[in-house]
Amino acid sequence: MKSLVIIEHKNGVLHRMSREAISGAQKIGGDITALVIGENAESVSSELSNFQIEKTFIVNHELVPSYNVDGYKEIIKQVVDSISPNIIITGHTYQARDFMPRVSAALDIPFIPDIVELENNFYIKQVLNSKLNASISSSSERALISFQSASYSEEDIIKGSSRSESFDVDLDSSSIKSKSDDPFQESASEVDLESAELIVSVGRGIEKEENKSIAFELAEVLGAEVSASRPVVDAGWLPSSRQVGSSGSTVSPKLYLSLGVSGAIQHVVGMKGSKNILAINKDSEAPIFEIADYAVVGDLLEIVPKLITALQDS
Amino acid sequence: MKIAVLVKQVVGSESSLEISSDNKWIQESNATFVMNPPDSYAIEEAMNIKEKIGEGEVVIVSMGDDRVQKVIREALSKGADRGIHIQTDGTAYIDPLNTAKNIVSALGDENFDLILSGLQSDDTGMGQTGVLVGELLNMSTATLAIETDIDLEKIRVKRELESGWFQWVTLESPASISIQSGINQPRYPSLKGIMGAKKKEIKVIPLSLYETKQQVEKLSIPQKSKETEIIDTDIDSSVKRIVEILKSEVKVF
């Protein structure tokens, strides 16, 4: 078994889900090659040299100093042609969703995305709003796969030492069909959810914008940060810096106390690593209860004010 | 500007989900079907671009058995100009590369300037068809567009990155772009639109099967990995129990 792990980084800082992808590749076993692309590739490869993998390829080409879908496709294609991996692995990040299908179509090999685990040669993926699991097989000699966030743990990475070498690619400027401006943030971040110990999270179930005050009151009593699910952010009730989920932050606090969060998969991937999940929802069938340690069925608008008083009294 | 929108019909989120007897999919006869919710944003964006430019054509492309004509008609009633239906018998699983190759041959030599798609489908969630088609047609591609700035001179999209970051990307024409949900407010069809849609053309093309590269072998109900304590009593007892949990089990104080 030979695998190629495509590494994601921002200005030389390794993406958490790339560590998880290495961890997953180690679980699968065999020879692992990591691929780092871009002008900051060197600094990423030094972190990778501490992992038990075979080697890291560094591609630093003037046409692809930072992420570019056309450049990534061409480079990955050339690396795959050179080392013939059985599987090409990434984390299921927004960036992977951008370039992996391009590689799939260019090489005519399947892209099986958002895998939660491997089981007897089947790739397990959640389907139908994550209510069911599908076991997917590949009949191709090669496959592209991406792992859902937290499917493998970065803490399980086997340490070791590995070498890196530069890999020469042949790129033509005519193959670059898109140009990216610099990434930017819409509003300055007012919170750091990823390092918060306790989080009170608000979902659509709070019904009205003014009800968010009870979430902030509860958070104050607990000394917690307030986060939100996407519908709450889309409604403009809370800024996007407070969003948890696939398009927001990924958190793993000691306590994730959710108020009226239904538990759509896009939210769950951002918080399922929390140590304790206490969910309050009036719908006893809410998917969030599937992953909760404590499932409180009831109206949060009645429970939370009483909970605040009880916590203040105690 | 000629715009194709890739639209899928999917099992509705409220539908019953009973695994079929061969375990490979769900019992479709008991299911209800809707337009894939992310696709309605792609249709709306296509309509907005056509209206802004003041000329052009919006063509809806869908694949599946005859029931998918319902979602094509729904899009036509919102103002799209015509439809293309790639007809299957609805029995076999069709993998993303097969889907993309069929769409490519259905679009044929029509030379679309733009292909729009929803970011992913709510059933299998493969999230790749629009990009696969773009690559096969040698187009530029971008995903998760949360804003577009498109006219006859330029194609620019604001891509959503993670953790509240964004990025503007300028694309060469022609381009295939996947649209992030929430980019716009999808319109409702007007009565006039519904009446007019009945007269619009839907071209039916038979499916061609290419080599299948990935296959759904079985569906299963996810195993719960942890034990959940269910607290479903009167409010005062629930509050008492929550306080106890926070203090002595989670130890937040």
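**Entry 1: the two chains**

I began with the contact between the chains, which takes 70 residues from chain A and 63 residues from chain B. I noted that the model is a predicted one. I then looked up which element of chain A gives the largest share of its side, and found helix H4, residues 94-107, with eight residues. Sorted by class, the side of chain A that touches chain B holds 32 nonpolar, 22 polar and 16 charged residues.

**Entry 2: strands that cross from chain to chain**

I looked for strand pairs between the chains. Strand S9 of chain A pairs with strand S12 of chain B, residues 214-220, in the antiparallel sense, and I read six bridges there. I picked out one residue of the pair: A:Ala134 has B:Leu219 in S12(B) as its bridge partner.

**Entry 3: a hairpin in chain A**

I went back to S9(A) and asked which strand of chain A pairs with S9(A) in the antiparallel sense over five bridges. I found strand S8, residues 122-127, while S9 itself covers residues 132-138. Across this pair, A:Gln126 stands opposite A:Asn133 in S9(A). Four residues lie between the strands of the hairpin, and I noted a positive phi near 50° at A:Leu128.

**Entry 4: the domains of chain A**

I looked up how chain A is divided and wrote down domain 1 as 2-175 and domain 2 as 193-313. Their centres, taken over C-alpha atoms, are 32 Å apart. I then checked where the domains of chain A touch: seven residues of domain 1 are in contact with six residues of domain 2. The domain 1 side of this contact has one nonpolar, five polar and one charged residues.

**Entry 5: one serine**

Is A:Ser274 buried or exposed? I wrote down buried, because A:Ser274 has 23 C-beta neighbours inside 10 Å, and the cut-off for buried is 20 or more.

I left aside the neighbours within four places in sequence and listed the contacts of A:Ser274: A:Val251, A:Ser252, A:Pro253 and A:Tyr256. Last, I looked at A:Leu198, which is 76 residues from A:Ser274 in sequence; C-alpha to C-alpha, the two are 9.5 Å apart in space.

Technical notes. Residues are numbered from 1 along each chain as its sequence is written. Chains are lettered from A and ligands numbered from 1 in the order in which they are written. This is a predicted model: local features need pLDDT of at least 70, side-chain atom pairs count only at pLDDT 80 or more; totals for chains, interfaces and linings use all residues. Two strands pair if DSSP finds at least two bridges between them. Helices (H or I, at least four residues) and strands (E, at least two) are DSSP runs, numbered from the N terminus. Domain bounds come from an automatic or database domain assignment. Two residues are in contact if their C-beta atoms, placed from the backbone, lie within 7 Å. Ala, Val, Leu, Ile, Met, Phe, Trp, Tyr, Cys and Pro count as nonpolar, Asp, Glu, Lys and Arg as charged, and the others, Gly among them, as polar. A residue is buried if 20 or more other C-beta atoms lie within 10 Å of its own, exposed if 12 or fewer, and partly exposed in between; C-beta atoms are placed from the backbone.
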